[in-house]
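Subject: Structure handover

Hello,

The structure we discussed is below. My notes on what I found follow it; please read them with the structure open.

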Amino acid sequence: MLTVTALSKRYTPDKPSLEAVDLQADVGTITAVIGPSGAGKTTLLRSLNQLLKDDEGQVCLDDVDLRQLSKRDLQKARRNIGMIFQNYNLIDALTVLENVLHGCLGAKSTLAGMFAHYTAEEKQEALKLIDEMGLSDFAYTACKHLSGGQKQRVGIARALMQHPKMMLCDEPIASLDPKSAQMVMTILRRLADDKGLIVVVNLHQVDIATEFADHIVALNHGRKVFDGVPADLQAAQIQAIYA
Amino acid sequence: MIESVSMSQTPTQKAPRPVNRRTRTLRAFVTGLAVISIYGLISVLPKHFDLWTATKVFGANLQLMFFSPNVGNDSHLLLMQALFASIELAFVTTVLGAGIGLVCGLAAAENIAPRWLSLTTKSVMAFVRAIPTILWVLIYSVALGLGPNAAVVGLTFHSVAYLAKVFANTIEEIPAQTIEALRAGGCGLLPVLCQAVLPSLASRLLSWTFIRFEINFANAVVVGAAAGAGGIGYQLFVASNFYFNFHEVGMIVYYILAFVFVLEAISTKLRHKFID
């Protein structure tokens, strides 16, 4: 379970990016974070795996406060947290298989990681994940030749290679066409249901959030302005969030 | 009234564009440079200098060099051996320079290394680069004696500084998110460098290394003559300065040109292979 308590972050003293945000996400659920640009969605997401150091509060994953961990322990803890990005952040020159295998680099020794020494089981697992993402025909294709939707699925497969407990998705469908967006969100839904992952996803599309998420959190000017199930989110509230 | 005046203006009657301060400064600078250059040229020429005769002699020498080249007192085998010695020197110094330059480049890249390390490395490399290669070779000649050892160390020294600079600039161009994506998964710095940074930049790093190889080959020819490092440069020096044999000079220049063309062809092919 992910529990965020009173998380605050200020880039400038007078303007908070996050102000005492609380959040709870259960195993096997999707939590959608919505809100206008600059509301603090990305800041919140990046604080959850401490890519961004917040100022105050607690971020507990399975009762371990990530903010209190040493650098080395945080690096270990991050292996439990997969992350996918709006711009995919793959190595375009490498093949789909090589990119997916990068997901298990964190669990390797420095030397094995440097020389990309992967076991036969790891390669098999990567190929299985590629197949699950519907990309088996592209396993040996360089990522620069893939479409946006395909790249995002490679990103998901890479994150899954980590065997994460939690998946953070920073606007994963913002650069995709509606069909690819539906496909990516369906995959995330399946991961939450079948693998019991905690999925936290930043979204701009309220309709997608209500369709796929179990739980919606809305931010505005760094403050939480809504926290509940999609059915509770009324048109007037949506208008107020984006006003 | 104002309208009628502006309407009646035709393109040929345009008012001259006002000359701003920047343009005036630029014009004054260029004029000053031209005056200094002309004065310098006139002052360095000897009094008995005859441009027409000089041009004729120059043309005749070029004709000797390029239309009737031969090996003079040497042999093709000797010149080939000398050429390969220079290639060897360029190759060794480029490989060493690229290896050490890559480490220094990573230490100098602001998106990888801590700021203090990046600044220190950049400053040291800038100092090394500011002194020409030939001077480094001569400086090392004092410690190691005239010959190939000083040439290898001197050329490598400058290659490291040059490649560290261009490698660091190339590494700094890599999107921060690409590195962040792996670090977010708990990946350490060294695996990130080997698995994310280097594969993303391999073609560009190779390109720069090839450019440095070309520079090092030219430098190897120069230090062969000037610092006694041997190779084709030494043969060129002996043929031109001791024997005044322009036929042999021409042959040596053809050898060098042939190698430069081969190098260009290989580099183009490799670049295409890596980029495609």
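A residue is called buried under 20% relative accessible area, exposed over 50%, and partly exposed in between. At 35% relative accessibility, B:Tyr254 therefore counts as partly exposed. Please keep in mind that this is a predicted model.

Aromatic pairs

There are 9 aromatic pairs over all chains. One of them joins B:Phe66 and B:Tyr254 in an edge-to-face arrangement, with 5.6 Å centre to centre and 80° between the planes. This pair links distant parts of the chain, since B:Phe66 sits in helix 3 (residues 51-67) of chain B and B:Tyr254 in helix 11 (residues 246-275) of chain B, 188 residues apart. B:Phe66 is partly exposed, with a relative accessible area of 27%.

The pair formed by B:Phe217 and B:Phe259 is tilted, because the ring centres are 4.6 Å apart and the planes stand at 55°. Here too, distant parts of the chain are linked: B:Phe217 belongs to helix 9 (residues 189-226) of chain B and B:Phe259 to helix 11 of chain B, 42 residues apart. Both B:Phe217 and B:Phe259 are buried. They belong to a cluster linked by ring pairs, in which B:Phe91, B:Phe210 and B:Phe213 also take part.

Elsewhere in chain B, B:Arg212 lies over the face of B:Tyr162, at 4.9 Å from the ring centre.

A buried serine

What does the side chain of B:Ser118 reach? It reaches the backbone oxygen of B:Ala108, at 2.8 Å. B:Ser118 is found in helix 5 (residues 115-130) of chain B, and its relative accessible area of 1% makes it buried. Leaving aside residues up to four places away in sequence, B:Ser118 touches B:Ala107, B:Ala108, B:Ala109, B:Glu110 and B:Ala113.

Helix 7 of chain A

Helix 7 of chain A (residues 178-195) has 18 residues, which at 1.5 Å a residue should span 26 Å; the end C-alpha atoms are 25 Å apart, so the two values agree. At the N-terminal end, A:Asp177 caps the helix, with a side-chain oxygen 3.1 Å from the backbone nitrogen of A:Lys179. After the helix comes A:Gly196, whose phi is positive, near 65°.

The buried residues in helix 7 of chain A include A:Val184, A:Ile187, A:Leu188 and A:Leu191, and A:Arg189 is also among them. An α-helix has 3.6 residues a turn, so residues three or four places apart point the same way. The buried residues of helix 7 of chain A pack against several elements of chain A, among them strand 3 (30-34), helix 6 (148-160) and helix 8 (206-212).

Record annotations for chain B

An unreviewed UniProt entry places "domain: ABC transmembrane type-1" at residues 83-267 of chain B. In the model, that span is 85% helix and 0% strand, and its end C-alpha atoms lie 19 Å apart.

UniProt, again in an unreviewed entry, also annotates "transmembrane region" in chain B, including residues 26-45 and 249-266. Residues 26-45 of chain B are 95% helix and 0% strand, with end C-alpha atoms 29 Å apart. For residues 249-266 of chain B the figures are 100% helix and 0% strand, and the end C-alpha atoms are 26 Å apart.

Regards

How values were computed. Residues are numbered from 1 along each chain as its sequence is written. Chains are lettered from A and ligands numbered from 1 in the order in which they are written. This is a predicted model: local features need pLDDT of at least 70, side-chain atom pairs count only at pLDDT 80 or more; totals for chains, interfaces and linings use all residues. Side-chain values use heavy atoms; hydrogens and water are left out. Helices (H or I, at least four residues) and strands (E, at least two) are DSSP runs, numbered from the N terminus. Buried means under 20% relative accessible area, exposed over 50%, partly exposed in between (1.4 Å probe, protein chains only). A polar contact is a pair of N or O atoms within 3.5 Å; within protein, one must be able to donate a hydrogen and the other to accept it, and residues adjacent in sequence count only if both atoms are side-chain atoms. Contact means heavy atoms within 4.5 Å. The expected span of a helix is 1.5 Å times one less than its number of residues. UniProt positions are given in the numbering used here, feature names are shortened, and annotations may be inferred rather than shown by experiment. Rings of Phe, Tyr and Trp (its six-membered ring) pair if their centres lie within 6.5 Å; planes under 30 degrees apart count as stacked, over 60 as edge-to-face and the rest as tilted. A charge sits over a ring if NZ of Lys or CZ of Arg is within 6 Å of the ring centre and within 35 degrees of the ring normal.
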